Amino acid sequence: MALLDKVKMACRVTTATFDNELTDLIHASLADMGLTDISDEVLIDTEPDPLILRAICTYCACNFGNPENYDRLKASYDEQKAQLLMSSAYTNWGD
């Protein structure tokens, strides 16, 4: 299943109407994680790691439309990103 399809499922979107917006959010989430020490190699993988995928989906759900649970989703995304940053498997620290 393609990354966009996984994000659409996470955002409960069944139409292609929002594909461009969701694709932009996917790129924004990767850019946001890329601003940290999360490794580019992990972020540009064609089949993202499950934890990276979960962070992408959470970022998109948080920023798509005007979700009622924005604060909870934002806190969840920030926590996921912080956990990724604490692991040398996802960062550039080992280099």
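**Lys 81**

I started with Lys 81, which sits in helix H5 (helices here are DSSP runs of H or I, at least four residues, numbered from the N terminus). This is a predicted model, where local features need pLDDT of at least 70, side-chain atom pairs count only at pLDDT 80 or more, and totals for chains, interfaces and linings use all residues. Residues are numbered from 1 along each chain as its sequence is written, and side-chain values use heavy atoms, with hydrogens and water left out.

Is Lys 81 buried or exposed? I have Lys 81 down as buried, at 15% relative accessibility (buried means under 20% relative accessible area, exposed over 50%, partly exposed in between, with a 1.4 Å probe and protein chains only). I then looked up its partners, leaving aside neighbours within four places in sequence: Lys 81 is in contact with Asp 32, Met 33, Thr 36 and Ile 38 (contact means heavy atoms within 4.5 Å).

**H2 against H5**

Next I checked how H2 and H5 pack: the angle is about 45° and the axes are 11 Å apart. Axes are lines fitted to C-alpha atoms, for helices over the stretch in contact, and angles run from 0 to 180 degrees between N-to-C directions. That angle makes H2 oblique to H5 (under 35 degrees counts as roughly parallel, over 145 as roughly antiparallel, 65 to 115 as roughly perpendicular, the rest as oblique). I noted a right-handed crossing for H2 and H5; a crossing is right-handed if the near helix is turned clockwise from the far one by less than a right angle, left-handed if anticlockwise.

Lys 81 turns up again here: Tyr 77, Lys 81 and Leu 84 of H5 meet Ser 29, Asp 32 and Met 33 of H2. I sorted the residues of this contact into three nonpolar, one polar and two charged (Ala, Val, Leu, Ile, Met, Phe, Trp, Tyr, Cys and Pro count as nonpolar, Asp, Glu, Lys and Arg as charged, the others, Gly among them, as polar).

**H4 against H5**

For H4 and H5 I got an angle of about 155°, with axes 9 Å apart. So H4 is roughly antiparallel to H5. The crossing of H4 and H5 is left-handed. Among the residues making the contact are Leu 51, Ile 52, Ala 55 and Tyr 59 from H4, and Tyr 70, Leu 73, Tyr 77 and Leu 84 from H5. The contact of H4 with H5 divides into ten nonpolar, four polar and two charged residues.

**The core**

Which residues have the most contacts inside the largest nonpolar core? The core has 25 residues, and I listed Val 7, Cys 11, Met 33, Ile 52 and Ile 56 (a nonpolar core is a set of buried Ala, Val, Leu, Ile, Met, Phe, Trp, Tyr and Cys residues joined through side-chain atoms within 4.5 Å). Helices H2 (19–34), H3 (40–43), H4 (50–63) and H5 (70–85) each supply at least two of its residues. H4 gives the largest share, nine residues.

I followed up Ile 52. Neighbours within four places in sequence aside, Ile 52 is in contact with Met 33, Ile 38, Val 42, Leu 43, Leu 84 and Tyr 90.

H1 and H2 pack at about 100°, axes 10 Å apart, so H1 is roughly perpendicular to H2. I found Leu 3, Leu 4, Val 7 and Lys 8 of H1 meeting Asp 19, Leu 22, Thr 23 and Ile 26 of H2.

Last, I looked at Arg 12, in the loop between H1 (3–10) and H2. Its phi is near 60°, a positive value in a residue other than glycine. Most residues other than glycine have a negative phi. Arg 12 is exposed, with a relative accessible area of 69%.
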